[in-house]
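Subject: A structure to look at, with notes

Dear colleague,

I am passing on a structure that I would like you to open beside this message. Please look through it once on your own before reading the notes that follow.

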Amino acid sequence: MLLIFKLSLKSIKNKPKVCLTPSEINTTKHAPNNVMIAGHVHIGDWAILGGLSAVHQWTRIGSHSFLGGFSALTKDLIPYGLAVGNRASLEGLNLTGLRRRNFNNEDIKKVKKAYSILFDSEESEFKKRIEILKSEKINSSVVDELINFITQKRNRSYCLPEGS
């Protein structure tokens, strides 16, 4: 794990003070030049950040996810998710990345099923969709990672598909 510190200048009682704000970045990820990462951001393994993308403070980016170039991410991006756009929205799963990382077809089918339960469901309440996903008991480490990510108590919402 690599900790990157962002320098900021704060004024406390009219006396300038230098503050360091950490961001946690796991060791295996791809980020080209000019990616802007605010403080306290957690980036999972094998996450890919496109050029000139920006990540808001306190945001989590899940493992094996993809953030497109010129995107602004202000919400948590689920593991294996693919998000693009200004105020990025979830466009689906990073299937190309999963295949390149040699995930087997069974795991890809299982994560597709989990995604459809979470985001293509007729159920209006997201918490109920999470419970439905848990009750399916899909036996897969990739689905377990997705469930663990979305069930962690956080104040930030998730990057969702447009129209959700």
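Predicted model: local features only at pLDDT ≥ 70, side-chain atom pairs only at ≥ 80, totals over all residues.

When neighbours within four places in sequence are left aside, Ser140 is in contact with Asp107 and Lys110.

The aromatic residues come next. A pair of aromatic rings is described by the distance of the centres and the angle of the planes. The count comes to five aromatic pairs. One of them joins Tyr115 and Phe119, a tilted pair with 4.9 Å from centre to centre and 45° between the planes. Both of these residues lie in helix H2 (residues 105–119), where they are four residues apart, or about one turn of the helix. Tyr115 is buried, with a relative accessible area of 10%, and Phe119 is buried too, with a value of 6%. Phe149 and Tyr158 form another tilted pair, with 6.4 Å between the centres and 50° between the planes, and both residues are buried. Together with Phe126, the residues Tyr115, Phe119, Phe149 and Tyr158 form one aromatic cluster.

Charged side chains also meet rings here. The charged end of Arg60 sits over the ring of Phe149, at 3.9 Å from its centre, while the charged end of Arg101 sits over the ring of Trp46, at 3.6 Å from its centre.

Finally, which residues touch the most other members of the largest nonpolar core? Of its 37 residues, they are Ile61, Leu73, Ile78, Leu118 and Leu133. The elements that give two or more residues to this core are strand E11 (89–93), H2, H3 and H4, and H2 gives the most, with seven residues. If residues up to four places away in sequence are not counted, Leu118 touches Phe126, Arg129, Ile130, Leu133, Leu146 and Ile150.

With kind regards

Methods:
Residues numbered from 1 in each chain as written. Heavy atoms only, no water. Phe/Tyr/Trp six-rings, centres within 6.5 Å; stacked < 30°, edge-to-face > 60°. Buried < 20%, exposed > 50% of the residue type's maximum accessible area, 1.4 Å probe, protein only. Lys NZ or Arg CZ within 6 Å of the ring centre and 35° of its normal. Contact = heavy atoms within 4.5 Å. Core = buried A, V, L, I, M, F, W, Y, C linked by side-chain atoms within 4.5 Å.
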